[in-house]
Amino acid sequence: MLLFRLKRTFKLGIKSLWMHRLRSTLTTLGIIFGVSSVIAMLAIGEGASQQAQEQIARLGSLNIIVKTVKPLDEQESTTQEMSMNQYGLTYTDAERFRNSIPDVQVVVPSRRVSQQVRYRNRKVSTEILGTVPWYTDISPIQMLRGRFLSSVDMHHKQGICVVDEQVVTELFAFDDPLGQDIKIASDYYRVVGIVNHDEPVKGGNGLSGNVSAAPSGGGANVGTIYIPLTTVKDRFGEVSIQVSGSSGANIEKVELQEIVVKVSSVNEVLRTRGVLETLLERFHKKNDYQVVVPLELLQQAKDFARIFSIVLGSIAAISLLVGGIGIMNIMLATVSERTREIGIRRALGAKKRDIVLQFLSETLLLTLTGGILGIVLGTAIPFFVTYFSKHPTTVTGGSLVLAFGISAAVGITFGLYPAYRAANMDPIESLRHE
Amino acid sequence: MIQQVNKTVDIDSGTPILVMEQLCKSYYPGAVELKVLRDIELTITRGEYVAIMGPSGSGKSTLLNMIGCLDRPTRGSYTLGGNNVSMLDDDQLSLIRGSHIGFVFQSFNLIDQLNVVENIEIPMYYQGFSEHDSMARAAELASMVGLGDRVGHRPSELSGGQQQRVAIARALANDPLIILADEPTGNLDSESGADILTILDRLHDEGKTIIVVTHDDNIAAHAERVIHLLDGRVRRQEYKNR
């Protein structure tokens, strides 16, 4: 019965709104834009935050990453001649980490070199990562086929390598990569395993930060090849020569680009980081290292994402509020325009409640229609943003519910007062109204 | 909601359906009491055709609002179909208006965005009839006033006389105790006006109770009884035999 009544009330509402199509459309636009901006902005914020969190999570929340950074050159003037510049993390550092910190599970030292790789007549520029067999403990890479580096390889400084999928697609057209020899620099290496591709983390806080010792290959490296650290040390050496402009060469010696320390539990991360820093401070007078704690980054990223969402959400909510005020304005105008109709209905037996319901249903119709169209538009906008700007966006179900809920709340909030005004008009006065 | 309103009045012709005793209505526009109706004593029986006349300022409109349950008396009592109107709250007044009074206004007062049947159906809608029943009855009433072929038209597409006929059909929708017409021919040309009066006569012949508020003697001539108001009092009543 009540449902029946409501259905009729809404039917009547549609009829009245249809009478003033332009006005209804314009009023609804406010809500449409409000709702769609809430959804779109939250989607963009969520997308950014998810991307950041994914990247950081790939670094491993139990890991502490110590990276070599080139110290700011304080004696740039002496570079007229050849100068030897030794800096960065050393094997001794890795050894110290392993021996002096109790909570450490694994210590993974690694070196990175950019190199051209050849297989038959194909050539590709890749990143060579010299590392240890337990690298897999700190990295999200997965073995696809074959095996990873082993301690025997390490011991014998074997000329073997593990390649990732990208290298496979670039180098081996139809051949099975396993067991093939590829040429890196002047030596041949046998492929013993294939791993999936680990997208290097962007933004300078990642594992693959450009290291000065590597020849600048223009950043166009494709894929990664994993080689035993001992082999890399043996064959590529630790000294690199950089020709710096016209004024001669710069010789640098870097032992390790990176040491990743993994602890046993999240609680240990910050404490271990403190110990690491104390150790490093003692032995590195030059400021030639950087400690990255993914867990902290993750926390920061989450905090930032939250603030970002709050800011975007508030801006959007304000636009919804403005839309709501617009609706109230129109409904007040409608009510005074239809004073006579209200009087007629009251004379013919309408209770105050009936009048409230009638006008409230019209406001609700406007806002809910706006809400639905806003959801459609609001999910379309992030889609286009992603399509055109490649910026990731995520429309969450929660934001849809939130936006629709807000639009309904706006409808009720801003609809109640005009409806209440309408219901409380004096029937005699309103019948007389011209 | 408790519907304490006596909706089924089953009384024979000749029994009083409307009784006003010492009814007063005052307004307080300023500090001074403005007495619009003073000690109105009025009894109207079922099936009567009554005209209420009087110059402007005589309290005609206020009495009309009072009869139509749009307003409550300041003092005295008003009983309509067994309900003491002065004791009813707003919702009950709405209910009693919808079920006992059939309003016919000077300016028709149809709702523009609704068509003929939908306008006729309004009183039934507020009494909670199902859409199916009320629409059927509305269509029936439309043909009764000769607008069976115009049910889908909007008021703006009808002539004044046709609009007033829609209003009469609407007034009949809930089979009210009283048809209360306020200058029903005031906005019509004489021909349409005569039409409307004929319809009212016919309704009277069918046993409906009709109260017409007017200052037009020609209309009053149709009534069996004419009540003359002056300065808020019933000045005199004349009975006629038609």
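Predicted model: local features only at pLDDT ≥ 70, side-chain atom pairs only at ≥ 80, totals over all residues.

With 13 residues, H5(B) should span 18 Å, and its end C-alpha atoms are 19 Å apart, so the two agree.

Is H5(B) enclosed or open? Of its 13 residues, 12 are buried, so the rest of the structure largely encloses H5(B). The buried set includes Gly161(B), the glutamines Gln162(B), Gln163(B) and Gln164(B), and both Arg165(B) and Arg170(B). Val166(B), Ile168(B) and Leu172(B) are also among them.

What do those buried residues pack against? In chain B, they meet strand E6 (101-104), strand E7 (178-182), and the helices H3, H4 (131-144) and H6 (190-205). H5(B) lies across E6 and E7 of chain B. Its direction makes about 170° with E6(B). H6(B) packs on the sheet as well, touching E3, E7 and strand E8 (209-213) of chain B. The angle between H6(B) and E8(B) is about 145°.

Now the sheet itself. Six strands of chain B make an open sheet, ordered E6-E7-E8-E3-E9-E10, with mixed pairing. E6 and strand E10 (233-239) of chain B are the edge strands, each pairing on one side only. On average, neighbouring strands are turned by 20° against each other, direction ignored. As a reminder, strands of a sheet pair through backbone hydrogen bonds, either parallel or antiparallel.

Take one pair. Strand E3 (residues 49-53) and strand E9 (residues 225-230) of chain B run parallel, joined by 4 bridges. Within that pairing, Met53(B) stands opposite His228(B) of E9(B).

One more helix in chain B. H1(B), residues 60-67, is mostly covered, with 7 of its 8 residues buried. After H1(B) comes Cys69(B), with a positive phi, near 60°.

Over to chain A. Its secondary structure comes to 12 helices and 13 strands. Chain A has 434 residues, and 41% count as buried. Look at contacts with a sequence separation of 6 or more: in chain A, 84% of them link residues 24 or more positions apart.

Which residues touch the most other members of the largest nonpolar core? They are Ile39(A) and Ile259(A), in a core of 170 residues. Helix H2 of chain A, residues 21-59, gives this core its largest share, 15 residues. Ile39(A) has contacts beyond its neighbours within four places in sequence: Ile375(A), Gly378(A), Thr379(A), Val395(A), Ser399(A), Leu400(A) and Ala403(A).

Last stop, where the chains meet. How many residues does each chain bring to the contact? Chain B brings 21 and chain A brings 17. On the chain B side, the elements giving two or more residues are helix H2 (90-100) and helix H3 (116-126) of chain B. H2(B) supplies the largest share of that side, 7 residues. By class, the chain B side has 8 nonpolar, 8 polar and 5 charged residues.

Over to you for discussion.

Note on methods: Residues numbered from 1 in each chain as written. Chains lettered and ligands numbered in written order. Buried ≥ 20, exposed ≤ 12 C-beta atoms within 10 Å, placed from the backbone. Contact = placed C-beta atoms within 7 Å. Nonpolar A, V, L, I, M, F, W, Y, C, P; charged D, E, K, R; others polar. Expected span 1.5 Å × (residues − 1). Pairing = 2+ DSSP bridges. Axes fitted to C-alpha atoms, helices over the stretch in contact; angles between N-to-C directions. Core = buried A, V, L, I, M, F, W, Y, C linked by C-beta atoms within 7 Å.
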